[in-house]
There are 2 protein chains.
Amino acid sequence: MDKAKTNGCSLDPASVNPRTTTIYPKPFDAPLQGRAKRTLGDPLGLKQFGVNLVTLAPGAWSSQRHWHHEEDEFIFVLEGQVTLVTDQGEEVLKPGLAAGFPAGKADGHHLINRSKKPVTYLEVGTRAADEVAEYSDIDLVARKEDGRFMFTCKNGEPYK
Amino acid sequence: MDKAKTNGCSLDPASVNPRTTTIYPKPFDAPLQGRAKRTLGDPLGLKQFGVNLVTLAPGAWSSQRHWHHEEDEFIFVLEGQVTLVTDQGEEVLKPGLAAGFPAGKADGHHLINRSKKPVTYLEVGTRAADEVAEYSDIDLVARKEDGRFMFTCKNGEPYK
């Protein structure tokens, strides 16, 4: 049971239970151990974009490296230092720095906490009903239809 | 000339020139003196939602109190204390607290810095091509058509 209280229009993220699970099939879920997401947009009634407050323990990844066909993404670092990995290489992002990943830009990204302290950042992503996410480094494609995700290999066969 | 540098996918907000103007007609622009917005989403190539880093000097307002027909809005307080005003009254938001304003919820909101120190927060809003914003406390309606705003009185006559 989620304890989120909206108190009208406001929300204390500390009142939201963190989610530590992922829908990635094994073994692609392993690097995400140590990731905790607090959903902020949903308890506030927002539907057009999602907002999460994310904490990565040392060593944890935000996701597998990916890019979205339909959805813009944005992140803003609040605490700690996190490494952004894209086709251009690696860059360390400190608190107060932002990054953005426009829909359709075929440059996979993810965040890795290579530091010894937890990292906290805000992430915002558009909510498209239908979506394709392509993964840069692994044989996986995610397809969202009517809001539900399914995974396939890059040749279109179901991931087993 | 905007100095924003994206360096691939990342952005230092300090490299973005703050915007201190507003499109409100006089005298409704006056309370916004002391508001500075740094646009983060646009220089990162995001189109589906806007992201601004906003600073309010003591006494400054975020906007006239309003609600949107089509666009979700979200804010997250980074520094200082800001007062959220809605139909429910006033609430002081501290760093780390969030607020959200779903599209179509007819409860006008704005933020006022009633403290003696600057306030900084992130704001996120969907980009709808067509939009109506209704103002709670003044005789003003904003209509956006194909991305351009115009203001009318509540009876539909042009604002003079």
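R35(B) touches R19(B), T20(B), T21(B), T22(B), V54(B), T55(B), L56(B), A60(B), W61(B) and S62(B), leaving out residues up to four places away in sequence. This residue belongs to a predicted model.

**R35(B)**

- R35(B) is part of strand β2 of chain B, which covers residues 35-39.
- R35(B) is buried but has no salt bridge. The nearest side chain of opposite charge belongs to E123(B), 6.3 Å away. R35(B) has no salt bridge with E123(B) because a salt bridge requires the nitrogen and the carboxyl oxygen to be within 4 Å.
- At 3.2 Å, the side chain of R35(B) reaches the backbone oxygen of T21(B). T21(B) is also among the residues that R35(B) touches.

**The contact between chain B and chain A**

- Chain B contributes 41 residues to the contact, and chain A contributes 41 residues.
- About 2900 Å² is buried between chain B and chain A, with 66% of it on carbon and sulfur atoms.
- The interface of chain B and chain A has 0 salt bridges. Polar contacts are present: 14 residue pairs are counted between chain B and chain A, with both residues at pLDDT 80 or more.
- On the side of chain B that touches chain A, at least two residues come from each of β1 (10-11), β3 (49-56), β5 (73-79), β6 (82-86), β7 (89-93), β8 (98-101) and β10 (119-126) of chain B.
- That side of chain B has 22 nonpolar, 10 polar and 9 charged residues.

**Salt bridges**

- Over all chains, the count is 14 salt bridges.
- One of these joins R65(A) and D87(A), whose closest N and O atoms are 2.8 Å apart. This pair links distant parts of the chain, 22 residues apart. R65(A) lies in the loop between β3 (49-56) and β4 (66-68) of chain A, and D87(A) lies in the loop between β6 (82-86) and β7 (89-93) of chain A.
- R65(A) has a relative accessible area of 11% and is therefore buried. D87(A) has a relative accessibility of 48%, so D87(A) counts as partly exposed.
- R65(A), D87(A) and D137(A) form one network through salt bridges that share partners.
- The side chains of R65(A) and D87(A) also make a polar contact, at 2.8 Å.
- With neighbours within four places in sequence left aside, R65(A) is in contact with V85(A), T86(A), D87(A), D107(A), G108(A), H109(A), H110(A), E134(A), Y135(A), S136(A) and D137(A).
- In chain A, K26(A) and D29(A) form a salt bridge, with their closest N and O atoms 3.6 Å apart. K26(A) is exposed because its relative accessible area is 65%, over the 50% cut-off. D29(A) is at 19% relative accessibility and so counts as buried, the cut-off being under 20%.
- In chain B, a salt bridge joins the side chains of K26(B) and D29(B), at 3.6 Å from N to O. K26(B) counts as exposed, with 67% relative accessibility.

**Cis peptide bonds**

- Most peptide bonds are trans.
- The peptide bond from K26(A) to P27(A) is cis, and its omega is near 0 degrees. P27(A) lies in the loop between β1 (10-11) and β2 (35-39) of chain A.
- K26(B) and P27(B) are joined by a cis peptide bond with an omega of about 5 degrees. P27(B) is in the loop between β1 and β2 of chain B.
- K26(B) takes part in a cis peptide bond with P27(B) and in a salt bridge with D29(B).

**N155(B)**

- N155(B) is in the segment after β13 (148-152) of chain B.
- N155(B) has 57% relative accessibility and so counts as exposed.
- A polar atom of the N155(B) side chain lies 2.9 Å from the backbone nitrogen of E157(B).
- N155(B) and I112(B) are 43 residues apart along the chain, and their C-alpha atoms are separated by 28 Å.

Conventions:
Residues numbered from 1 in each chain as written. Chains lettered and ligands numbered in written order. Predicted model: local features only at pLDDT ≥ 70, side-chain atom pairs only at ≥ 80, totals over all residues. Heavy atoms only, no water. Helix = DSSP H or I, 4+ residues; strand = E, 2+ residues; numbered from the N terminus. Buried < 20%, exposed > 50% of the residue type's maximum accessible area, 1.4 Å probe, protein only. Lys, Arg positive; Asp, Glu negative; His and termini not counted. Polar contact = N/O pair within 3.5 Å; in protein donor to acceptor, adjacent residues only side chain to side chain. Contact = heavy atoms within 4.5 Å. Buried area = accessible area lost by both parts, 1.4 Å probe. Nonpolar A, V, L, I, M, F, W, Y, C, P; charged D, E, K, R; others polar.
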